[in-house]
Amino acid sequence: MAEGSVSLAEVETSFQKFAVHGDSKATGKEMNGKNFAKLCKDCHIIDGKNVTITDVDIVFSKFKAKSARVFTFEQFNQALTELAPKRFKGKSKEEALQQLYGLIAGKEPANVGVTKVAKAAAVDRLTDATKYTGSHKERFDGTGKGKAGREDIPDTSGYVSAYKGSGTYDEKVKEA
């Protein structure tokens, strides 16, 4: 990137996109620490050697207001001025800052790879009704109990449950 090729407006647009990411109430004028760390990760400012996530958190804390949890675009620029020489060692502050702006300009929060889809084999195994046992098997094999399998229907026959001779009282009374 040639020096001065990245406008501050492009960087501010990216700042606003990252500032509102994941927060429905955000206005885009202030960014919290989580989104600042995400911006640094997604734009490859964090390289794991020169700039780490800890460095990013420290710089965020340094430039936000004492009692605030967010910082503005001006404070964001000051933070980038602090991070630029660490990320691009051996370059002047202005060159390093321009290269950092080049990394940020035009970027948006990445959602790819954030949430992994459950492995199909495990889900298939757990939802395969042919492998169910016991009372669950009866519910899914087509020969289920229907309503009786789902609800407690009271037995109003007058006999205790599991009584083998239920319904024989009338026959015994007739004989006597």
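Select helix H5, residues 93-104, and then bring up what covers its buried residues, which includes helix H1 (8-20), helix H2 (33-42) and helix H4 (73-87). Helices here are DSSP runs of H or I with at least four residues, strands are runs of E with at least two, and both are numbered from the N terminus. The buried residues of H5 are Ala96, Leu97, Gln98, Leu100, Tyr101 and Ile104, where buried means under 20% relative accessible area, exposed means over 50%, and partly exposed lies in between, with a 1.4 Å probe and protein chains only.

Before going further, note that this is a predicted model, in which local features need pLDDT of at least 70 and side-chain atom pairs count only at pLDDT 80 or more, while totals for chains, interfaces and linings use all residues. Residues are numbered from 1 along each chain as its sequence is written, and side-chain values use heavy atoms, with hydrogens and water left out.

**Along H5 and just past it**

Follow H5 from end to end: its twelve residues reach 16 Å from the first C-alpha to the last, close to the 16 Å expected at 1.5 Å a residue, the expected span being 1.5 Å times one less than the number of residues. Just after H5, select glycine 106, which takes a positive phi of about 80 degrees.

**H4 against H5**

Two packed helices are described by the angle between their axes and the distance between the axes. At what angle do the axes of H4 and H5 cross? They cross at roughly 110 degrees and come within 8 Å, the axes being lines fitted to C-alpha atoms, for helices over the stretch in contact, with angles running from 0 to 180 degrees between N-to-C directions. H4 and H5 are therefore roughly perpendicular to each other, a description used for angles of 65 to 115 degrees, while angles under 35 count as roughly parallel, over 145 as roughly antiparallel and the rest as oblique.

To see the contact itself (heavy atoms within 4.5 Å), show Phe76, Asn77, Leu80, Thr81, Leu83, Ala84, Pro85 and Arg87 in H4, which meet Lys93, Ala96, Leu97, Leu100, Tyr101, Leu103 and Ile104 in H5. The residues of this contact divide into eleven nonpolar, two polar and two charged; Ala, Val, Leu, Ile, Met, Phe, Trp, Tyr, Cys and Pro count as nonpolar, Asp, Glu, Lys and Arg as charged, and the others, Gly among them, as polar.

**The rest of H4**

Keep H4 selected and colour its buried residues, which are Phe73, Gln75, Phe76, Asn77, Ala79, Leu80, Leu83, Ala84 and Arg87. What covers them includes H1, H2, H3, strand E2 (70-72) and H5.

Next, pick out glutamine 75, which lies in helix H4 and counts as buried because its relative accessibility is 19%. Leaving aside residues up to four places away in sequence, glutamine 75 touches Phe63, Lys64, Ala65 and Val70. The C-alpha atoms of glutamine 75 and alanine 65, ten residues apart along the chain, are separated by 9.0 Å.

Then select histidine 44 in the loop between H2 and H3, where phi is near 60 degrees, a positive value in a residue other than glycine; at 49% relative accessibility, histidine 44 counts as partly exposed.

**Zooming out**

Finally, show the whole protein chain, which has nine helices and two strands. Of its 176 residues, 25% are buried.

Colour the chain by pLDDT, the predictor's confidence in each residue, from 0 to 100: the average is 82, and 85% of the residues score at least 70. Confidence is highest in helix H3 (residues 53-63), with a mean of 93, and lowest in helix H8 (residues 147-150), with a mean of 66. Where pLDDT is low, the predicted coordinates should not be read in detail.
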